[in-house]
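Here's a quick walk through one protein model, feature by feature. Have the sequence and the 3D view open while you read.

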Amino acid sequence: MVLKIFFPQCCNRADSGLLVGRWIAGHDSAVVLAVIHYPFIPGQVKQYIQQMQAQSGVELSVLGSWSLPKEGQEGMESFLRDLSTIFPQERWLQISRQMGKMGFTCEILNRGQNGKAAQRRVKKEKKEEEVDSGEAEKDEEEEDEEKVIFVHYEQRKVMLSQLHPIESGDPDLKTDPPSELRQVFQTVALSQPLFFLDKYDDGPLKSTHWQSEGREASIIVELLKQASVPLCLLLSWMLSMWTWLCSIRIFSLYPLRFLSTKLSTCVQLSYRTEHMRTLSSPKAAAGHTQFMRKANMLVSVLVDVALGVLLMWWLYRDEHIAMLANTLVPAADHVAKELEQLLQWLMGAPAGLKMNRALDQVLGRFFLYHIHLWISYIHLMSPFIEGILWYGGLSACLGLTFALSLLSDMVALFTFHIYCFYVYGARLYCLKIYGLSSLWRLFRGKKWNVLRQRVDSCSYDLDQLFIGTLLFTVLLFLLPTTALYYLVFTLLRLVVVLFQGVLHLSVDFINSFPLFAIGLRVFRPYRLAEGVKFRVLCDEPGVALHLLMERAFDGRVVQPMEEAA
């Protein structure tokens, strides 16, 4: 038989006392959770364990005693051994350690049905002299001897980590009993009330566990949790008011509803509203995945707001908004002049191409007229541009994503004439392509059947073929001029779309970047580990095997501990 004892590393140098933990049902193993220091009153220890068991729901008990001899504590081991009569257990672990040595000495007191106690001892060092005995006695002793494996673990990491249940749809996998390691992790995670007792607290009992040296940080975390409750209620009330305001009938009309789906600022506002509604929910996360999702949302919102405040501080410092307003109108004039020169080039002989002069002049003058209208509109709005930028900069307090979304909408507004040119060129080009395809079917004696959505054969008379040939020739020779204008304005539109695409990618990157998960991977990697691995600490002949349990990051899990032994 192999007895596995999961021992917390924080208790390696604890003062002598009692071991509090749990025996794993169905497995020959025990989990040590804390060490209660001497002196103590056994009745108070029993009452305290009952209270912790009622709060945590874990079957806690006194597993045995822990002895770390110090000066003036002679006879402590015999006193702790006598405590086994006060705390009746089927097994009583008496673990001791000598200062300066790594290994432990474990003595197991087993109570059989006949009431006799058999003592078995596993020591770290071999005995220097062995008593000569018969082979039969040696075989009997080896059969009765119970091997002990100490598995050292970091209590805080195990408590914050967890082995997640299987999420597959196979019912056989869900109905299987939990494994030994899963029960160990659940035992440590559910025993948080046991860790609230600090060895510096005024009370009848002193204990050692992972929280004994740093209680102040836990108090701050608890205060933050208590303060977050009224904050979540306030956010929920504000979101309910905002939802009621958005549900007014006037906002559901077609023009406003259409604009809300096209403006990037409105889309980002609705996206952030959903985020805040999820974060302000007073319900705890149902699972690890939902917890990570909410944590990533919270961190992304905080980082977004911090970047937005930094941008707003830069905008309102040293009159940068006035500088941007004074630069915007000359930049619009420069773009307009460049477009005029481009149209003048298209109205001539671009790249040596022979264009249809009549159509070229009509299209060129049509687009030049739109450019002049747009420049007049920009100069008319120039006195208000600084005010628009000043009030628009205030949106950065909601986050950098709002500022980028507003910038995308402003770019779409100031390049609206380029969008109009693209739409005009695309419509004209599509009409000519559609006419040429229809007339080409006429030459082949075909037509498009609208009802059956297919091409059928058709007979045409001489007049229809003549008119079709004439129209096909006209459209074919006008196509290069139309295609050139369509190509140029498509490229201009593509430049604007690429710039807006960079802004939208930046917004999506800030909204969905898992910054919290990356922070955990860097500073708390055990929270995102993929498995458990064991490292041998002490493996000498005749000495109890000491293993260190660690979290694995490559998905590999070592063999069972029985095979490792």
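Let's start with residues 464-488: their end C-alpha atoms sit 36 Å apart, and the span is 100% helix and 0% strand. Keep in mind that this is a predicted model. Residues 494-518 can be read in the same way, with end C-alpha atoms 35 Å apart, 92% helix and 0% strand.

Where do these two stretches come from? Both are on a list in the UniProt record, an unreviewed entry, which gives the feature "transmembrane region" to residues 234-254, 297-316, 362-381, 388-415, 421-443, 464-488 and 494-518. The annotation may be inferred rather than shown by experiment.

V303, L307, L310, W313, W314, L324 and L515 make a nonpolar surface patch of about 640 Å². Which helix gives the most to it? That's helix α10, residues 288-315, with five residues.

V303 is a handy one to look at, and its place is in helix α10. Its relative accessible area is 32%, so V303 counts as partly exposed, and patch residues need over 30%.

## Strand β2 and its partners

Over at residues 17-23 you'll find strand β2, which is mostly covered, with six of its seven residues buried. On one pairing, β2 meets strand β3 (residues 29-37) in the antiparallel sense, over seven bridges.

## Cysteines

How many disulfides are there? The count comes to zero, going by a cut-off that asks for a pair of cysteine sulfur atoms within 2.5 Å. Take C11: the nearest cysteine sulfur belongs to C10 and is 4.0 Å away, so C11 is in no disulfide.

Is C11 buried or exposed? Its relative accessible area is 0%, so C11 is buried. C106 is another cysteine worth a look: at 1% relative accessibility, C106 counts as buried, because the cut-off for that is under 20%.

Technical notes:
Residues numbered from 1 in each chain as written. Predicted model: local features only at pLDDT ≥ 70, side-chain atom pairs only at ≥ 80, totals over all residues. Heavy atoms only, no water. Buried < 20%, exposed > 50% of the residue type's maximum accessible area, 1.4 Å probe, protein only. Helix = DSSP H or I, 4+ residues; strand = E, 2+ residues; numbered from the N terminus. Pairing = 2+ DSSP bridges. Patch = residues over 30% accessible without salt bridge, like charges linked within 9 Å, V, L, I, M, F, W, Y side chains within 5 Å. Areas by Shrake-Rupley, 256 points an atom, 1.4 Å probe, with all protein chains shown as cover. Salt bridge = Lys/Arg side-chain N within 4 Å of Asp/Glu carboxyl O.
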